[in-house]
Amino acid sequence: VKNLFKRFDDVVSLSVYENGVEQLRVYDQATLQAAQLTREDFIQFRKEHPIPFSQISNQAVYLENSAISAKLPTFTLAISYYHPSLMGKVILAADVKLTKLISLGGKSKVFDTFVVDSKGTLLSHRDIHLVLERKNLADLPIVNVFLQGKTMASTLEYPSETGETVL
């Protein structure tokens, strides 16, 4: 397990759930200490923001902005895992540093580029504060189309929150 965090340095924690009950969770202690966070901070966040296990099927990936602190912005990636030796529904969940993904939001000076999670909450945006406050954009037409599963990526002309037309 120690090599996991060395080989995948963006992974902060890894959890295994069986039938919705956490069976195992490991943390990168060095990363938590550097951010002045504890495992209890992650446990409390998960209590307040439970993973919707019923929504995670064999084909679905669940993404969630799980930024607990500006010192360690993270997202949660959860997938269903099947093995014949396992009796129940198993979900693997990883908390991953958002730093590389956040940088995508500031790349374009022409377009407003952003990435959202399974609920429409920002994962990447040029305004880092919007990511850290978990701003939800589900009401934007382009995000709504994405959340309905009609597209994975797209461009669309729509009115912004200020009323101006954007692409």
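## Basis and overall make-up

Two strands pair if DSSP finds at least two bridges between them. Helices (H or I, at least four residues) and strands (E, at least two) are DSSP runs, numbered from the N terminus. This is a predicted model, in which local features need pLDDT of at least 70 and side-chain atom pairs count only at pLDDT 80 or more, while totals for chains, interfaces and linings use all residues. Residues are numbered from 1 along each chain as its sequence is written, and side-chain values use heavy atoms, with hydrogens and water left out.

The protein chain has six helices and nine strands. Its accessible surface is about 10300 Å², computed by the Shrake-Rupley method with a 1.4 Å probe, where for residues only the protein chains shown count as cover. Carbon and sulfur atoms account for 56% of that surface. Of the 167 residues, 37% count as buried. Buried means under 20% relative accessible area, exposed means over 50%, and partly exposed lies in between (1.4 Å probe, protein chains only). Contact means heavy atoms within 4.5 Å. Among contacts between residues at least 6 apart in sequence, 41% join residues at least 24 apart.

Strand 4 covers residues 74-81. Strand 3 (residues 61-65) pairs with strand 4 in the antiparallel sense, over five bridges. Tyr62 stands opposite Ala78 in strand 4. Strand 4 also pairs with strand 5 (residues 90-97), again antiparallel, over eight bridges. There, Ser80 has Ile91 of strand 5 as its bridge partner.

Thr74 belongs to strand 4. Its relative accessibility is 0%, so Thr74 counts as buried. Beyond its neighbours within four places in sequence, Thr74 contacts Val12, Asn65, Ser66, Ala67, Val96, Lys97 and Leu98.

## A nonpolar surface patch

Val61, Leu77 and Ile79 form a nonpolar patch on the surface. Together they have about 220 Å² of accessible area. Patches are made of residues with over 30% relative accessible area and no salt bridge; like charges are joined within 9 Å, and nonpolar side chains (Val, Leu, Ile, Met, Phe, Trp, Tyr) within 5 Å. A salt bridge is a side-chain nitrogen of Lys or Arg within 4 Å of a carboxyl oxygen of Asp or Glu.

Val61 is in strand 3. Val61 counts as partly exposed because its relative accessibility is 47%. In a regular strand the side chains alternate between the two faces of the sheet.

## Aromatic pairs

The structure holds two aromatic pairs. In the pair of Tyr17 and Phe53, the ring centres are 5.0 Å apart and the planes are at 55°, so the pair is tilted. This pair links distant parts of the chain: Tyr17 is in strand 1, Phe53 is in the loop between helix 3 (39-48) and strand 3, and the two are 36 residues apart. Tyr17 is buried, at 5% relative accessibility.

Tyr27 and Phe42 form an edge-to-face pair, 5.9 Å centre to centre with 65° between the planes. This pair too links distant parts of the chain, with Tyr27 in strand 2 and Phe42 in helix 3, 15 residues apart. Tyr27 is buried, with a relative accessible area of 9%. Phe42 is buried as well, at 4%. Rings of Phe, Tyr and Trp (its six-membered ring) pair if their centres lie within 6.5 Å; planes under 30 degrees apart count as stacked, over 60 as edge-to-face and the rest as tilted.

## Glu18 and its surroundings

Glu18 lies in strand 1. Its relative accessible area is 26%, so Glu18 is partly exposed. Not counting residues up to four places away in sequence, Glu18 touches Gln23, Met87, Gly88, Lys89 and Val90. Glu18 and Ser80 are 62 residues apart in sequence, and their C-alpha atoms are 10.0 Å apart in space.

## Positive phi in two loops

Most residues other than glycine have a negative phi. Asn19 has a positive phi, near 50°. Asn19 is in the loop between strand 1 (11-18) and strand 2 (21-27). Asn19 is exposed, with a relative accessible area of 54%.

Arg134 also has a positive phi, near 55°. Arg134 sits in the loop between helix 5 (128-132) and helix 6 (141-147). At a relative accessible area of 28%, Arg134 is partly exposed.
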